[in-house]
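Here is a short briefing on one protein structure.

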Amino acid sequence: MRWIDTLEGAAAGKLPEAVHRYFRQGSAGGVSVGEATVAWSSFRFRPHVLNDVSTISLGTTVLGTPVDAPILIAPSTMQRMADPDGELAMARGVNAAGSVLGVSSNAGTTFAELGATGVPWWLQIYVVRNREITLRMLDAAVAAGARAIVLTVDTPVVGRKEDEGETVWDLAQPGHLLANLPDGDWTDDDLAKADDLNPDVIGWLAGRTGLPVVVKGVLRGDDAKRCADAGAAGIIVSNHGGRQLDGSVATAQALPEVAEAVAGSNLEVYVDGGIRRGEHILAALALGARAVFVGRPALWALTVGSSGGVTRLLSDLAEELDHTLRLVGVSSPSSLTPDLVTSAGPR
């Protein structure tokens with residue numbers, strides 16, 4: 001059995017049930033979270049033959065930052081419940097693998113501590129109703145060396161979770177999250193997600209930080225075009241891991257439309273959601289993604305093996321991608337094209 005396939009079960013044995021449930025669950029009936037990996041596995045490949053694949057190069061850049069492979073770590077919260085060092089352990093593991101770390105604005109580790117690790121990192125930001133909170137958090141991230149701002153746009157309200165019994169919030173301790181919340185007597189209304197956003201927020205964030213803005217949570221080509229027109233540097237095709245609107249289209253299905261809508265621009269396209277194999281990464285790159293983000297498997301790896309587990313996860317997926325590139329007859333991700341992929345069709 002592949003090591004990655006053992007991780008969730010091993011993590012379940014180490015985590016309180018409520019924490020394990022929080023990491024793995026989707027919203028409402030769990031339709032979207034259940035479809036994510038299946039959607040990637042529905043693609044079929046049309047490989048080239050008689051191509052020289054004796055040398056494979058996985059290296060690329062994401063918004064100008066070199067990475068050893070086009071496999072990045074998605075932002076997630078409550079990491080200190082997976083490992084005592086939380087985001088610090090995640091950062092060390094990502095740095096050792098030559099990748100980029102997405103950092104949640106709800107993180108339990110300060111931006112300054114993360115910056116000191118040397119890992120290239122992007123701040124995922126929720127714009128909240130009290131913009132002063134957001135501005136001060138952005139300033140702290142810039143000061144600590146963040147290289148991009150990831151604006152999450154699919155969360156005007158938090159998706160409904162159908163929990164029974166003890167929840168992660170019953171177990172959360174001070175220091176598990178919101179380590180970067182600026183000092184102040186903030187109310188729940190201050191901290192609520194902003195539900196009045198429009199494309200102008202992209203320029204607002206870029207102007208405040210001087211950093212590229214990546215818009216996370218796009219599933220439609222027309223929305224992707226609006227983001228591009230508003231100055232976004234990148235888009236993450238994402239349905240929030242199935243944690244927001246249940247029944248949202250799988251990212252594997254949304255990616256081709258989004259990539260086509262912004263083809264010919266300088267905007268970089270990324271994708272997350274359900275990616276578990278080198279073949280899934282191959283399909284994503286061929287269909288227009290520059291790189292993929294991995295979320296839940298990184299939490300399982302952090303739980304089971306701390307920073308070393310995260311490094312191994314990224315390295316194992318990179319090895320699988322190398323293998324699949326050879327079999328599809330292509331020597332680098334930049335040479336992948338959509339004609340290499342087709343849907344499985346009816347059975």
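In the largest nonpolar core, which has 95 residues, L101 and W121 touch the most other members. Helix α13 (residues 296-328) supplies the largest share of this core, 13 residues. This is a predicted model: local features need pLDDT of at least 70, side-chain atom pairs count only at pLDDT 80 or more, and totals for chains, interfaces and linings use all residues. Residues are numbered from 1 along each chain as its sequence is written, and side-chain values use heavy atoms, with hydrogens and water left out.

**Nonpolar cores**

- A nonpolar core is a set of buried Ala, Val, Leu, Ile, Met, Phe, Trp, Tyr and Cys residues joined through side-chain atoms within 4.5 Å.
- Buried means under 20% relative accessible area, exposed over 50%, and partly exposed in between (1.4 Å probe, protein chains only).
- L101 touches I73, E87, M90, A91, V94, L114, V119, P120, W121 and W122, with residues up to four places away in sequence not counted. Contact here means heavy atoms within 4.5 Å.
- Another core, of 13 residues, lies apart from the largest one; among its members are L72, W122, V214 and F293.
- In soluble globular proteins, nonpolar side chains tend to be buried together.

**Helices α2 and α13**

- Helices (H or I, at least four residues) and strands (E, at least two) are DSSP runs, numbered from the N terminus.
- The axes of α2 (residues 17-24) and α13 come within 9 Å and cross at roughly 150°. Axes are lines fitted to C-alpha atoms, for helices over the stretch in contact, and angles run from 0 to 180 degrees between N-to-C directions.
- The two helices, α2 and α13, are therefore roughly antiparallel. Angles over 145 degrees count as such, under 35 as roughly parallel, 65 to 115 as roughly perpendicular and the rest as oblique.
- On the α2 side, H20, F23 and R24 meet R296, L299 and W300 of α13.
- This contact has three nonpolar, one polar and two charged residues. Ala, Val, Leu, Ile, Met, Phe, Trp, Tyr, Cys and Pro count as nonpolar, Asp, Glu, Lys and Arg as charged, and the others, Gly among them, as polar.

**G234 in strand β9**

- G234 belongs to strand β9 (residues 234-237). G234 is buried, at 0% relative accessibility.
- Beyond neighbours within four places in sequence, G234 contacts V213, V214, V215, L267 and E268.
- G234 and L267 are 33 residues apart along the chain, yet their C-alpha atoms are separated by 5.0 Å.

**Salt bridges**

- The whole structure has 16 salt bridges. Each is a side-chain nitrogen of Lys or Arg within 4 Å of a carboxyl oxygen of Asp or Glu.
- R129 and D189 pair at 2.5 Å, N to O. R129 sits in the loop between β6 (121-125) and α6 (131-143) and D189 in helix α8 (residues 188-191), so the pair ties together parts 60 residues apart in sequence. R129 is partly exposed at 41%, and D189 is partly exposed at 45%.
- R290 and E268 pair at 3.6 Å, N to O. R290 lies in the loop between α12 (278-286) and β11 (291-294), E268 in strand β10 (residues 268-271), 22 residues apart. R290 is partly exposed at 33%, whereas E268 is buried at 14%.
- K225 and D229 pair at 3.0 Å, N to O. They are four residues apart in helix α10 (residues 221-229), about one helical turn.
- R2, D5 and E320 are linked in a network of salt bridges.
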